[in-house]
Amino acid sequence: MATVILPPRHYLNDGYGIRSWLFTRDHKRIALLYLAAVTFFFFVGGAFAVLIRLELATPAGDLVSDETYNKLFTMHGVMMVFFFLVPVIPAVLGNFLVPIMIGAKDLAFPKLNLASWYIYIVGGLFTLYALVTGGVDTGWTFYTPFSTVASTTKVIPTALGIFITGFSSILTGLNFIVTIHRMRAPGMTWFRMPLFLWSMYATSLIMVLGTPVLAITILLVAVERLFHFGFFDPALGGDPVLFQHLFWFYSHPAVYIMVLPAMGVVSELVAAFCRKQVFGYSFVAFASLGIAVLGFLVWGHHMFVAGQSVYAALVFSILSFLVAIPSAVKVFNWTATMYKGSISWDTPMLYAIGFIGLFTIGGLTGLFLAAVGLDVHVTDTYFIIAHFHYIMVGGTIMGYLGGLHYWWPKISGRLYNETLARISAGIIFIGFNLTFFPQFILGYLGMPRRYHAYPPEFQVLNVLSSAGASILGVGYLIPMVYLMWSLRYGRLAGSNPWGAVGLEWTTTSPPPTENFAETPVVTWDAYDYGAPVEGHVA
Amino acid sequence: MWSGTPLFPESASTMASRVDSLYFFLLAVSVFFSLLIAGLIVFYAVKYRRRDPNSVGSEIHGGLVLELTWTIIPFLITMVIFVWGASVFFAMARPPDETINIYVVGKQWMWKFQHLDGQREINELHVPVGRPVKLIMTSEDVIHDVFVPAFRVKADVVPGRYTNLWFQSTTPGRYRLFCAEYCGTKHSGMVGEVVVMEPSEYQTWLSGGAPEGSLASAGAKLFQDLACNTCHRPDAQGRGPVLEGLFGKTVRLQTGETMTVDEAYVRESILQPAAKITSGFQPIMPTFQGLVTEEQLLELIEYVKSLQALPQVQTR
């Protein structure tokens, strides 16, 4: 094996000043700007989670006041959903990889791409402003009429921040759709694309079609709050449940904005670390599109106890079961991909395995909630909290961390400490389950969500959950340390440290600003592991 | 450490066992598939672990039979769960014909219960064991939600409309009642208890105290005080429709539509009289929005319900 050297010219040494970053149009540098920003919001949201779990270690509301507690869970949800989970994989990994994976020099609209980062930052600053000037206590769901007439906190600045950030999502989605349609390298047909791109495409469709509805809804809340137009408040002739329809019309598909990209990452990881074609490529690809389409038709399952008609509830119930099928198909296909693979136990694969296990539990508990008669008992309890954290944290964050570890050598040109990385993946898996599994039991017992104080018989399970959260927190901090460390001291990765196929591994690590010395011509399918490949350097 | 830590909720209603059966079925399905997937992953990860750093996996691209199998089997299982869940939900949504009706008004941050006989309670609800009870609920401010885990029932309490929740308790005792829809600062303090009593004790409790008389009689007094009786007269000579025997009937509106007179219709007719005018009448009634409270509205509704159709009176 040839000695690995850093390429003389790459996107990271193409200009050093602050201006070379803040005015960059390079999708890879913008990806890193996003990486810094989402990581910041993740730790802000995480700090709120720490305080929530500390408060819930005892039944009495004794650590913080009820008002503060309500602000904590609201800001935790707002930060994590709108400023971390929605943008994290598309804006960081997607931005970095979409052009490279299709053999393009950049996204279709590089300036728009930079603009969407600035929009995201402005939205984030609005929400941070709301936070430091008093916070908001409506819950991330902003249910009316509480948010429009009762709450006395900073509803409008927070909502405005989310409104603004939404445009960043829309522009990113638009950019990806156009790029994938128009900028594929010669020979890169739709069915030769890596599955990550299919998931990015499906995600982008939801972003472009769903986010405007959220923007309108937020605007209506602001108008009712400021000018007392009666949209949602019954005292003004409005309908409070209308808000829930509008909100969930976006926010249920938003769940798929958060998890589809992670599914795309896991397809890449499973293929690369089994060195094998993903089983049933076209089924996995179409499952992404199926989820994106069906995901728009299930919003009413958030409202089974909100007083909608029995027949509406049944329609939403059956559609919710149908959207579970493509997710199940994906899980079976990933598992089947491992059969007769050449399976490495490197860190990204550990995350992929963790994802499949946790997503399976998250998905199966979704069936409990789609069954209307059972949902009535468990909705608005900790069962819901546990379910969506299995999807959002067990799914999205595991997928994201797996992807970050997989592509880190490409992004930075260097390798991280594999031993530490494996240990922290294990810590995260254990900490996650200890945090959230007890919450399923709490939920069936009947502990409602968003409770500052709770009856004493729920304490033991809550203490377990809080203990798990502290382990999980440590698990998230360790990668911060060794990834930063690797930037300076990590061994050089070389262009293809994992022995993986895919266009991103054919260019240097880090890639040059224009990604490829020459535009590649693709003559092979994705995951073409037909011949033995050179083993990785680790 | 585990003493006093339940892992499964107590069951105290006819609905509880139906919900639990579905829960256990789903639990079995989930455990089966979780173990199947986890087992296969661990087995493959060990069996096919990479021994030679240059090796690649076998060339397997997929298989239609397998894809169809793991599409169709989950589909069939989910349809079974759908039908099962729907049938439980139908039972929850349809109260029996004969129920004890109790009115519930939620407000930040307390529960007010009004029994037909006139008893009023706050954050505590007394009901007899073995009898179906229907709660007719509304809110004075934001959305709340009545949740009794031991009964496995829950329903939102929405301002501006009436929602229903019914249950039939099976075991005397005290059961927790939670507000399950986030409603502001003291949301977690908006809790109470359902006290399920033997029928004889319940009768004693009922006769214990209702100094102001029944709900309908309070409504009758209000009906006089607000001068509703000047227009709504039993003799069909008033300017408004005769209310005797009206509740539950179908009326024709000016627009040609027909409406069933239920709680929501009576409520709307008091607060926004012009919204749905009965055919043959003029929209002359003033609004009572802001003049009557949610509880007074319930008294008026109960009074209208109590008015029996009089013989020889012709209703229009």
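1. Conventions. Residues are numbered from 1 along each chain as its sequence is written, while chains are lettered from A and ligands numbered from 1 in the order in which they are written. As the model is predicted, local features need pLDDT of at least 70 and side-chain atom pairs count only at pLDDT 80 or more, whereas totals for chains, interfaces and linings use all residues.

2. Make-up of chain B. Chain B holds six helices and twelve strands; these are DSSP runs (helices H or I, at least four residues; strands E, at least two), numbered from the N terminus. The radius of gyration, taken over C-alpha atoms, is 27 Å.

3. Among contacts in chain B with a separation of 6 or more, 67% are between residues 24 or more positions apart.

4. Helix H1 of chain B. This helix covers residues 14-47, 34 residues in total, and reaches 50 Å from its first C-alpha to its last. That is close to the expected 50 Å, which is 1.5 Å times one less than the number of residues. Its buried residues include B:Leu22, B:Phe33 and B:Tyr44. Their cover comes from both chains: it includes H10 (310-338), H11 (347-370) and H12 (372-378) of chain A, and H2 (64-93), S7 and S8 (163-168) of chain B.

5. A sheet in chain B. Five strands form an open, mixed sheet in the order S4-S10-S9-S6-S7; strands pair if DSSP finds at least two bridges between them. S4 (124-128) and S7 (153-157) are the edge strands, each pairing on one side only. S6 (residues 144-148) runs antiparallel to S7, joined by five bridges, and B:Asp145 stands opposite B:Asp156 in S7.

6. The contact between the chains. It takes 83 residues from chain A and 77 from chain B. On the chain A side, H10(A) gives the largest share, 15 residues.

Conventions:
A residue is buried if 20 or more other C-beta atoms lie within 10 Å of its own, exposed if 12 or fewer, and partly exposed in between; C-beta atoms are placed from the backbone. Two residues are in contact if their C-beta atoms, placed from the backbone, lie within 7 Å. The radius of gyration is taken over C-alpha atoms; the globule rule is 2.2 Å times the number of residues to the power 0.38.
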